[in-house]
Amino acid sequence: MALLPPIPAKRYFTIGEVAELCAVKPHVLRYWEQEFTQLNPMKRRGNRRYYQHHEVLMVRRIRDLLYEQGFTISGARAQLENGKMVAEEAPSEALAAQNMAASSAAATIPVAKLTDGTALDMMALRQELEAIRIFLS
């Protein structure tokens, strides 16, 4: 599986930011919006899309199903429906705010060095673990 950058602790992401965070092109995201009803970013002035954290996780899940696991669009759609990973099950606003606060507090944690000299960003690791916990619940 491709190593994707950690998702920053923000409320909204532009289509360009989501494209970078998920390693797909913006036109692919726009196409996926048509194919996957679970993916429904908020649109503001000039039809600009603003994705929330749970939608970024959904894009990563769709990317994994299509690119890593080799599903077709309809197969990935069925997997998402069977896997209960739908927009209604996204974290509540209170939980999202709590996660953002925890991520902000984690920002004070220093970057640790692994035995091979590579850096381990504790905040990024914590965010990824929180995202996995939310996905599995």
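Modeller: Start with one residue and list what it touches, bearing in mind that this is a predicted model. Valine 56 is in contact with Ile7, Phe13, Val18, Leu21, Cys22 and Tyr51, leaving out residues up to four places away in sequence.

Biologist: Which residues touch the most other members of the largest nonpolar core?

Modeller: That core has 24 residues, and those touching the most other members are Val18, Leu29, Trp32, Leu39, Tyr51, Val56 and Ile62. Two or more residues each come from helix H1 (15–22), helix H2 (26–35), helix H3 (53–68) and helix H4 (73–82). H3 contributes the most, seven residues.

Biologist: How many helices and strands does the protein chain have?

Modeller: There are six helices and five strands. Read from the N terminus, their order is β-α-α-β-β-α-α-α-β-β-α.

Biologist: What share of the contacts joins residues 24 or more positions apart?

Modeller: Take the contacts with a separation of 6 or more; such pairs make up 57% of them.

Biologist: And how do I read the surface?

Modeller: Begin with the totals. Of the 137 residues in the protein chain, 31% count as buried. The chain exposes about 8500 Å², with 56% supplied by carbon and sulfur atoms. Then look for patches: Leu129, Ile132, Phe135 and Leu136 make a nonpolar one of about 400 Å².

Conventions. Residues numbered from 1 in each chain as written. Predicted model: local features only at pLDDT ≥ 70, side-chain atom pairs only at ≥ 80, totals over all residues. Heavy atoms only, no water. Core = buried A, V, L, I, M, F, W, Y, C linked by side-chain atoms within 4.5 Å. Buried < 20%, exposed > 50% of the residue type's maximum accessible area, 1.4 Å probe, protein only. Helix = DSSP H or I, 4+ residues; strand = E, 2+ residues; numbered from the N terminus. Contact = heavy atoms within 4.5 Å. Areas by Shrake-Rupley, 256 points an atom, 1.4 Å probe, with all protein chains shown as cover. Patch = residues over 30% accessible without salt bridge, like charges linked within 9 Å, V, L, I, M, F, W, Y side chains within 5 Å. Salt bridge = Lys/Arg side-chain N within 4 Å of Asp/Glu carboxyl O.
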